[in-house]
Number of protein chains: 4
Amino acid sequence: MPHAFAGVMPYLVSPVDADGQVMETVLANLCEHLIASGVHGLVPLGSTGEFAYLNAAQRQRVVEVVIAAAAGRVPVIAGVAASTTADAVAQTRAYARAGVDGILAILEAYFPLTEAQIEVYFTAIAGASDLPVVLYTNPNFQRADLSLRSIERLAAIETIGYIKDASTNTGRLLSIMNAVGGRMRVFSASAHIPACVMLIGGVGWMAGPACVVPKPSLELYSLCRAGLWGEAMVLQRRLWAVNEMFARHNLAACIKAGLESQGFAVGNPLPPQSPLGAAARAEVAAALRDANAA
Amino acid sequence: MPHAFAGVMPYLVSPVDADGQVMETVLANLCEHLIASGVHGLVPLGSTGEFAYLNAAQRQRVVEVVIAAAAGRVPVIAGVAASTTADAVAQTRAYARAGVDGILAILEAYFPLTEAQIEVYFTAIAGASDLPVVLYTNPNFQRADLSLRSIERLAAIETIGYIKDASTNTGRLLSIMNAVGGRMRVFSASAHIPACVMLIGGVGWMAGPACVVPKPSLELYSLCRAGLWGEAMVLQRRLWAVNEMFARHNLAACIKAGLESQGFAVGNPLPPQSPLGAAARAEVAAALRDANAA
Amino acid sequence: MPHAFAGVMPYLVSPVDADGQVMETVLANLCEHLIASGVHGLVPLGSTGEFAYLNAAQRQRVVEVVIAAAAGRVPVIAGVAASTTADAVAQTRAYARAGVDGILAILEAYFPLTEAQIEVYFTAIAGASDLPVVLYTNPNFQRADLSLRSIERLAAIETIGYIKDASTNTGRLLSIMNAVGGRMRVFSASAHIPACVMLIGGVGWMAGPACVVPKPSLELYSLCRAGLWGEAMVLQRRLWAVNEMFARHNLAACIKAGLESQGFAVGNPLPPQSPLGAAARAEVAAALRDANAA
Amino acid sequence: MPHAFAGVMPYLVSPVDADGQVMETVLANLCEHLIASGVHGLVPLGSTGEFAYLNAAQRQRVVEVVIAAAAGRVPVIAGVAASTTADAVAQTRAYARAGVDGILAILEAYFPLTEAQIEVYFTAIAGASDLPVVLYTNPNFQRADLSLRSIERLAAIETIGYIKDASTNTGRLLSIMNAVGGRMRVFSASAHIPACVMLIGGVGWMAGPACVVPKPSLELYSLCRAGLWGEAMVLQRRLWAVNEMFARHNLAACIKAGLESQGFAVGNPLPPQSPLGAAARAEVAAALRDANAA
């Protein structure tokens, strides 16, 4: 069933120990827990997964562990992030061989790039396998953004079927939908209000917080799908409070601290990022208890 | 009926002739047309009203003409915009004497200001009359933005009952609502998707485009109020296309060109702003015909 | 004496009392003191002069007082700042009639402008009188910047003979000099190191701090003119420490506090700007004593 | 000869073929040519060296080739760039073992970092070897900038003896010098005017363009050192025209095209970066002939 990504897809954290080893058991346990909670897919190596802090071997191991843990029950969409086309193609092929179901395509620019150069990069990823591709753009952290014109042109490539825009500009998502019609489906990010993105025609969300609030996230998704917008907003408001708390800290540190409070020993973000302090940890744990009790 | 602003409130253009005279008849006619169309209020001297390009006498005259035209049928909320507290207080008092029903409070900063200095400014406006105040913040054009903490503190002032945030960040609106609860009501701006803002708890929108698409704007508002979100989105999508077209040009030039195509001889934006060229005018006129025919 | 502006030209503060009246005596005294110190010109209504906070009558009065105080001994170059072409032309004509020797042309944009629109504005100022014009550009505070191409085109207008660029990018000044050759002379701003701008071919500086350190500023200018770069840098370093201190606060507040410490009762910046607190005032006074004792 | 870096230090390009292999011969030839031209040191893996586009093996090989080519005649200062402290420490140790004479320390941030976290990163690099360290900061391309306070604190570490700031703000360099006194020496970057940085107390420059204009760069350095500022500026102006031309394109593409025109077959920048087109190549070649003929 190709081209059927939809729903709540947590960005997984990448648990790495002090020696740089991927902590495989806890990562597999987290995948098991999320699948048991009902998530619609797993996304290793997004921003929350600290792709920007991992080397090639660590990334590959993370992807393999998640594929093995998912065991075909839900799709695994792995982040490919590179500054060169060659590296992006190599990652795509390696993850395809390892068995992922889709590619989340991220461009790590250094020098400024033209629209044409940016399109070359994403086109190369699409051509490196026959997997469905989700375009990722985040003007806050990436130094190259996808223009609406580039998105329109890339939508002509058959396997590029999705986009996740992590700007805070929800109107841009509606403009993307207006421009690419049925050719590309749109996922929400943490920076958008998922209920709003669902209202305007989104198909779900890929986001770190879903790791620590999977059940209420899935309930929110069901309410949106059923068109029960009033009930959805009651729940959305409570989940937004979790997002707001996370926005005050490093995102990976928050999700890792939250998972630790829920019994998953995923450790700390990679230095020089810092773990949350005790007060912030307690605050996160309490907020997650409230949100999950809802 | 204090504290009851809600619904579709067009930002009026300011028709000014080549000699700098406010063109009173066309402005009054526009007000009459919008009231006849059913708008819930009129807002002279917003961004669309080119407050940044008018002198004190022109601003005063615009406000007086709108008040006379409204004749008490809908509330008139006038923009107060200044770089000094003294000027803002003087404008507020003058517009209150002239008979406005509310103040849209805008800060035109030059040198950077602290949160405390910004709050002094808005507090002084609130203290200058007993009219309801709508805070306005637009990080794209103003050089001072209202932090969430400042908004929370200003919400403690009884007459500050509304906020219009013209960032593109809809999540920020939800955070404002979460923070100030029932004490402050939130209006959408053109940069947000009004249906989304209504979904999350907004009370309406203040925006320039409502001048040229009043009927479908009011229908959209009604659908949102009735909770008919599916129908609302069909209409919202079509109205968003109008917004997208406007975003490619100077906003005042677009609204003025659109009104000209609808028979209101409001003239051009003040130089060095340019009027739209013939091709853009035709495009705007056609888009408005489509949107209003819907 | 056309086209002969050069040297140290202090940006004057605008002393305004709590009732909004220009304090004429202290402003005249300050002009007298600076002329006696040897400055090469006086510049009312720059950033330091709080042009963005004064109304038309206050600006006009400031200009008149400075012209009367200068009494033809040094040129007076008045800031013209507006968002509309019409207002800029009116200001230019009014100041020309009042007897200024040059115009410092500032554009206060609100909506974004094209290069062509920006050039229309400055061209109109040049055409409004036969006075020499100094282009002013400050990407930190103005919302419209002058591109190198616009500067080249404006340099073709005979009366536009100078530019003051208040970016922090000194390389841009050298590019301007390379592009416009002998047709436009370049002044340094506070954000640049004056000795460096003199080294690359600048003709002097227009800056607020020269109000409070006129003597060492003039000595620095003389050393640069004499090519005594080693001695110049010893003095430049000490003066830079004054600049650094000012950069930590509101500029008008610093210069006004410094002048108060030197016996000029110029008062405070216009609210919502705040005056410096007691500690910062003491720090400013001490730094100025050191710099002037040098 | 510890702590004696000074003079003209070209940022070397990284010649890599289509298979990702470092082209060792041409890199060695370039080093030989630059040393024969009289440069004071060689800096592989700066921005111009495309560190952001190379994997660990490619970086290591570039460093080894440069060390072998330099053969102890001039110091080799290698760029260490990482997002994690562990990777930076590993790179530093590997390059130290390979025989470099100094480390150019670059932080590639993704999520925002606090001052303390940034200092941890640079402190770890300093502690990973006993080599002299040059701090590198570039607010245009790096997502973490070094504050003046962080620089002051890092200057207390004995081996951190230099800084290269690639902002365009020359005043910031003077502030750094004022703050860290004799404890840290300052190099200019391409974005600053080297003659200005020398005037205020800099010790030389690290920059890509020195690869293609080594002779006039060295002459400029000699004139600055001799205090012949007038002659220096004549030459500086001509070299600045080269910089301006490069600023219109991708920097690595320009330097590589320039070297190709001088007989060094260094190839193209790594895709999705593009090589210069034929017209731009001709323009670069001509400009370099002019500059080198001077």
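Contact is defined here as heavy atoms within 4.5 Å. By this criterion, chain B and chain D do not touch, their nearest C-alpha atoms being 19 Å apart. Chain A and chain C likewise make no contact, with 19 Å between their nearest C-alpha atoms.

The structure is a predicted model, in which local features need pLDDT of at least 70 and side-chain atom pairs count only at pLDDT 80 or more, whereas totals for chains, interfaces and linings use all residues. Residues are numbered from 1 along each chain as its sequence is written, chains are lettered from A in the order in which they are written, and side-chain values use heavy atoms, with hydrogens and water left out. The predictor assigns the complex an ipTM of 0.95 and a pTM of 0.96. For chain A, the average pLDDT (the predictor's confidence in each residue, from 0 to 100) is 95, and 98% of the residues score at least 70.

Chain D and chain A do meet, through 26 residues of chain D and 27 residues of chain A. The size of an interface is often given as the accessible area lost when the parts come together. For chain D and chain A, the buried area (accessible area, 1.4 Å probe, that two parts lose on being put together, summed over both) is about 2500 Å², with 60% of it on carbon and sulfur atoms. On the side of chain D that touches chain A, the elements giving two or more residues are helix 4 (115–127) and helix 10 (251–261) of chain D; helices are DSSP runs of H or I with at least four residues, strands are runs of E with at least two, and both are numbered from the N terminus.

Over all chains, the structure holds 40 salt bridges. In chain A, Arg61(A) pairs with Glu24(A), the closest N and O atoms being 2.6 Å apart. This pair links helix 2 (residues 56–70), which holds Arg61(A), to helix 1 (residues 24–37), which holds Glu24(A), across 37 residues. Arg61(A) is partly exposed at 31% relative accessibility, as is Glu24(A) at 33%; buried denotes under 20% relative accessible area, exposed over 50%, and partly exposed the range in between (1.4 Å probe, protein chains only).

In chain B, a salt bridge joins Glu115(B) and Arg153(B), with 3.0 Å between the closest N and O atoms. Glu115(B) belongs to helix 4 (residues 115–127) and Arg153(B) to helix 5 (residues 148–154), so the pair ties together parts that are 38 residues apart in sequence. Glu115(B) is partly exposed at 24%, and Arg153(B) is partly exposed at 43%.

Backbone features include a cis peptide bond between Pro271(B) and Pro272(B), with omega of about 15°. Pro272(B) is placed in the loop between helix 10 (251–261) and helix 11 (278–293) of chain B. Ala71(C) lies in the loop between helix 2 (56–70) and strand 2 (77–82) of chain C and is exposed, with a relative accessible area of 56%. Glu50(D), in the loop between helix 1 (24–37) and helix 2 (56–70) of chain D, is buried at 1% relative accessibility.

Notes:
Salt bridge = Lys/Arg side-chain N within 4 Å of Asp/Glu carboxyl O.
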